[in-house]
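Hi,

Here is the structure I promised to pass on. Have a look at it first, and my notes follow below.

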Amino acid sequence: MDWGMKNRIESIFNRKSGKTVMLAVDHGYFQGPTTGLKKPAETINPLLPYCDSLFITRGILRNCIPSNINVPVFLRVSGGPSVLKELSDEELTTSMKEAIRLNASGVGMSIFVGGEYETKTISNLGRLVNEAEEYGIPVLAITAVGKDMGRDARYLGLACRIAAEIGAHMVKTYYCAEDFEKVVEGCPVPIVIAGGKKIPEKDALQMAHNAISKGAAGVDMGRNIFQSENPVSMIKAIRAVVHEGYSVDDAFELYNNPKDDSKNN
Ligand code: R5P
């Protein structure tokens with residue numbers, strides 16, 4: 001792997017733990033002003049000191065995030081259908097030139113394995129990887145789950161492996177309680193988990209803990225952080241699980257009684 005590509009990937013992984021806590025705030029690209037992100041700057045800016053990378057669209061990056069941040073940006077570069085339409089009908093929406101102009105450390109897009117437009121999204125991934133390789137920009141493939149698709153190890157394993165085979169440098173997928181380690185084993189590139197719909201804080205910490213113990217390289221979590229009653233405490237607790245090996249009980253205790261620290265501590 002070329003130095004630039006390696007350097008960009010390594011920039012989002014914590015040197016001590018080798019893991020990453022990415023903050024996903026791209027939901028508006030198909031959901032509009034969703035709960036917790038109605039005023040993106042108010043939600044995102046207090047969380048910036050605690051994330052290892054920001055997963056975001058160019059519009060919210062340009063309009064809501066200060067340009068002097070010290071956080072690597074992964075740019076969501078696919079979209080098209082709103083939540084009202086067939087979600088798998090995505091196109092690439094943001095060029096590589098634009099990603100470089102925005103100083104992105106990586107780009108990300110969804111594939112819809114089993115979805116109506118499966119072939120189109122997988123071929124989009126191939127084209128994105130071709131272009132990204134030219135500039136040393138890593139690609140995060142997101143194994144989105146369509147309306148009728150299950151979230152079991154068989155399906156997630158299929159989708160993650162296809163993403164890696166097509167050339168994705170990292171994969172974001174969902175956690176499944178049964179056989180998640182098989183999903184990880186079958187995918188030769190690092191896997192981070194999305195959090196999915198908001199669940200109680202302790203359950204979300206448990207999910208992160210399980211995923212890490214079964215081989216995930218980290219999380220790219222959104223709603224379970226920014227929709228939490230206390231987003232800053234929640235991201236600190238998630239960091240403690242991912243980077244410091246906290247038990248779920250200890251991390252939940254930290255959530256309830258947060259320490260005054262940041263990602264550098
Ligand atoms: C979908 O909107 C995006 O890919 C999100 O970045 C991803 O689902 C992670 O966010 P959450 O933890 O809210 O599922």
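**What I found**

The protein chain has 265 residues, for which a compact globule would have a radius of gyration near 18 Å; the chain has 17 Å, which agrees. That radius is taken over C-alpha atoms, and the globule rule is 2.2 Å times the number of residues to the power 0.38.

Two notes on the source. This is a predicted model, in which local features need pLDDT of at least 70 and side-chain atom pairs count only at pLDDT 80 or more, while totals for chains, interfaces and linings use all residues. Residues are numbered from 1 along each chain as its sequence is written.

The C-alpha trace spans about 45 × 40 × 40 Å along its principal axes. The chain holds 12 helices and 10 strands (DSSP runs numbered from the N terminus: H or I of at least four residues, E of at least two). Of the 265 residues, 48% count as buried (20 or more other C-beta atoms within 10 Å of the residue's own; exposed means 12 or fewer, partly exposed in between, with C-beta atoms placed from the backbone).

Do look at helix H7, residues 153–166. Its buried residues are Leu-156, Gly-157, Ala-159, Cys-160 and Ala-163. The buried residues of H7 pack against several elements, including helix H6 (118–135) and strand E7 (139–143) (contact means C-beta atoms, placed from the backbone, within 7 Å). Just after H7, Gly-167 takes a positive phi of about 125 degrees.

Arg-127 sits in helix H6 and counts as exposed because it has 12 C-beta neighbours inside 10 Å.

Best wishes

Notes:
Two residues are in contact if their C-beta atoms, placed from the backbone, lie within 7 Å.
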